[in-house]
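Hello,

Here is the structure I promised to pass on. My notes follow below it.

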Amino acid sequence: MNLTISGHHLEVTPALRQYVTGKLDRITRHFDQVVDVKVLLTVEKLKEKEKRQRAECNIHVKGNDLFAESAHEDLYAAVDELVDKLDRQVVKHKDRITDHHHSAPKRMM
């Protein structure tokens with residue numbers, strides 16, 4: 001899995017990088033065919049303090065691309081919301097690609 005963490009108007013500290021990688025391990029626990037992950041952490045220059053910190057993520061999995069974003073006043077809370085959204089999308093994608101058709105039992109003659 002290729003992981004890219006970048007910051008916009010923000011320096012990505014080793015503690016922040018470790019926090020994001022620790023949270024993204026939850027996604028690879030559900031679905032191990034993750035090819036590429038790109039995380040963008042942003043601090044927007046808004047006048048109000050609410051939802052200044054944004055986290056966006058693109059995940060390339062086998063057969064699909066997933067995207068999620070979240071905004072919060074705290075960057076760590078934004079990352080938590082982001083991982084929750086991505087986790088739901090990955091579980092839904094895994095459920096879609098799983099073959100749910102059961103073969104008919106063979107009759108004994």
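This is a predicted model: local features need pLDDT of at least 70, side-chain atom pairs count only at pLDDT 80 or more; totals for chains, interfaces and linings use all residues.

Start with α2. Its 23 residues should span 33 Å at 1.5 Å a residue, and the end C-alpha atoms are 33 Å apart, so the two values agree.

Which residues of α2 are buried? They are L75, A77, A78, V79, L82, V83, L86, D87, V90 and H93. These buried residues pack against helix α1 and against strands β2 (34–43), β3 (53–61) and β4 (64–72).

**The core**

The largest nonpolar core holds 24 residues. V39, L41 and I59 have the most contacts inside it. At least two residues of this core come from each of α1, β2, β3, β4 and α2. The most come from α2, which supplies seven.

Take I59 as a case. Leaving out residues up to four places away in sequence, I59 touches I27, V34, D36, V37, N64, D65, L66 and L86. L86 is also one of the buried residues of α2.

**The aromatic pair**

The count comes to one aromatic pair. Why is the pair of Y19 and Y76 edge-to-face? The ring centres are 4.8 Å apart and the planes stand at 80 degrees; planes over 60 degrees apart count as edge-to-face. The pair links distant parts of the chain: Y19 sits in α1 (residues 14–30) and Y76 in α2 (residues 75–97), 57 residues apart.

Are these tyrosines buried or partly exposed? Y19 is partly exposed, with a relative accessible area of 25%. Y76 is partly exposed too, at 34%.

Best wishes

Notes:
Residues are numbered from 1 along each chain as its sequence is written. Side-chain values use heavy atoms; hydrogens and water are left out. Rings of Phe, Tyr and Trp (its six-membered ring) pair if their centres lie within 6.5 Å; planes under 30 degrees apart count as stacked, over 60 as edge-to-face and the rest as tilted. Helices (H or I, at least four residues) and strands (E, at least two) are DSSP runs, numbered from the N terminus. Buried means under 20% relative accessible area, exposed over 50%, partly exposed in between (1.4 Å probe, protein chains only). The expected span of a helix is 1.5 Å times one less than its number of residues. Contact means heavy atoms within 4.5 Å. A nonpolar core is a set of buried Ala, Val, Leu, Ile, Met, Phe, Trp, Tyr and Cys residues joined through side-chain atoms within 4.5 Å.
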